[in-house]
Structure formats: structure tokens, C-alpha cells
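Have the structure open as you read.

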Amino acid sequence: MRIPSTKRSSFSVLSRPIKKIVSAKITKIIVRSVMKMSKCCCSSENCCQPQSKKPINIDFLYLDTTICDRCQGTEKALDDAVSSVAVVLSAAGYEVNINKVNISTRELAIQYQFISSPTIRVNGHDIVIELKESLCEDCGELCGDNVDCRVWVYNGVEYNVPPKELIVDAILKEVYGSGSIQEAAEQYTLPHNLEVFFSGKESL
């Protein structure tokens with residue numbers, strides 16, 4: 001009758017630390033592989049190159065934001081609208097740039113071909129084609145005369161301040177190519193309404 005040997009083989013003695021070492025090595029290999037994969041998601045040589053974002057340039061042109069309720073409200077509506085779509089547009093490869101310009105002189109009005117205050121343009125296109133205006137008491141107070149400012153029309157309703165939805169809609173239409181057809185540009189002349197405003201300010 002054989003008596004079972006109490007001597008443990010060298011393999012059984014070393015198997016546990018060996019397993020730990022092998023396991024650690026495998027873990028390192030897996031981690032390195034995952035890190036490489038995280039750097040590149042496809043097999044294309046150019047897929048990992050930084051992609052430049054396509055610009056969406058928004059101009060906000062206005063006569064005054066110190067006392068004019070329409071300009072103040074329009075600026076806030078624009079900021080809210082951009083905040084609503086900026087993350088989605090960034091994920092789609094677009095970058096929104098806002099350029100706010102106080103049209104304080106005739107020269108600036110001519111430079112930007114300013115038609116009415118306030119104005120929002122997306123990639124150079126006015127977000128509304130049809131121009132409507134009404135008396136603005138705030139800007140009239142600034143120049144000491146009667147001056148009209150823009151009225152915004154959205155879904156058949158007129159607003160002194162554009163709804164956020166109007167601006168969001170205009171941005172998305174411009175980005176995805178379904179915006180309104182822009183009319184051919186005409187030679188710019190300073191509107192009489194703005195001439196009254198600038199002349200009034202100069203005489204004060």
C-alpha cells in the first residue's frame with residue numbers, strides 16, 4: 001500500500017505567484033491596448049488627426065444696450081439661443097462665434113450695411129428677410145427724435161424682442177442648408193431712420 005507523498009511539487013509551490021505575475025502582465029497588456037484604442041477609433045491613417053470645426057459666425061448689430069429694451073432683450077434671446085444649440089453643434093463639428101457690434105456712428109453703419117436695430121445675421125445672412133419697424137421710445141430718448149426699431153415676426157405674430165425659438169430655427173436652417181433664399185444684395189444707402197438717429201445724437 002502506497003503512502004501519499006507529503007512533498008509538494010515545485011510546480012504547485014510556484015503556480016500561485018506565477019499566476020499572479022502572468023495575470024499582472026496580461027492586465028498591463030490589456031490596459032495598453034485599451035489606451036491605444038482610445039486614441040484612435042478606426043483604422044484610417046487620418047482618423048486621429050485633429051479636425052477643425054466649421055465656423056458659424058453670428059453678428060449682433062445694435063444701436064444701444066444701455067437703455068433700449070429691444071436691444072437688451074434681443075441680446076439676451078441670442079445668448080439663450082446659442083446656449084441651447086452650442087453643445088449639439090459642437091458635437092456635429094461646428095463652432096459658434098458671436099460678434100457683437102455697437103453701431104455708434106454712420107461709418108460703422110455703412111461698414112456693416114446696417115439696415116435696422118437690432119439685427120442678427122448668421123454667416124452674413126439676416127435671420128429675417130422682411131423688415132418691419134415701429135416707434136422705439138428708448139432710442140428716441142437717446143437722440144431726441146422719433147426713431148423706429150425692428151419688429152420681429154415669428155409664426156405670424158409680431159414681437160419687439162425675438163423669441164429664442166426664432167433664433168434657434170434660423171441658426172439650424174443656416175447650418176443644415178434649408179434656410180430662406182437670400183435676395184440679391186442691393187447697393188447700400190444709409191436708411192433715413194438711422195440718419196435721423198445719428199443726426200439727433202450729434203445735436204445733443
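## A pair one turn apart

K76 and D80 sit 4 residues apart in helix α2, which is about one turn of the helix. This is a predicted model, and in it the two side chains form a salt bridge, with 2.9 Å between the closest N and O atoms.

How exposed are the two partners? K76 is exposed, at a relative accessible area of 53%. D80 is partly exposed, with a value of 31%.

## The helix they belong to

Helix α2 takes in residues 69–91, 23 residues in total. From its first C-alpha to its last it reaches 34 Å, close to the expected 33 Å. Along the way, α2 bends by about 40° at V85. Just after the helix comes G93, with a positive phi of about 95°.

V85, the site of that bend, is also one of the buried residues of α2.

## R106 and its two glutamates

Now for some pairs elsewhere. R106 forms a salt bridge with E195, the closest N and O atoms being 2.6 Å apart. E195 lies in helix α6 (residues 192–203) and R106 in helix α3 (residues 106–111), so this contact ties together parts that are 89 residues apart in sequence. E195 itself is partly exposed, at 27% relative accessible area.

R106 also meets the side chain of E202 in a salt bridge, this time at 2.4 Å from N to O. Again the arginine is in α3 and the glutamate in α6, so the pair links parts that are 96 residues apart in sequence. E202 counts as exposed, with 56% relative accessibility.

Terms used
Residues numbered from 1 in each chain as written. Predicted model: local features only at pLDDT ≥ 70, side-chain atom pairs only at ≥ 80, totals over all residues. Heavy atoms only, no water. Helix = DSSP H or I, 4+ residues; strand = E, 2+ residues; numbered from the N terminus. Expected span 1.5 Å × (residues − 1). Bend = angle between axes of the 7 residues up to and from the residue. Buried < 20%, exposed > 50% of the residue type's maximum accessible area, 1.4 Å probe, protein only. Salt bridge = Lys/Arg side-chain N within 4 Å of Asp/Glu carboxyl O.
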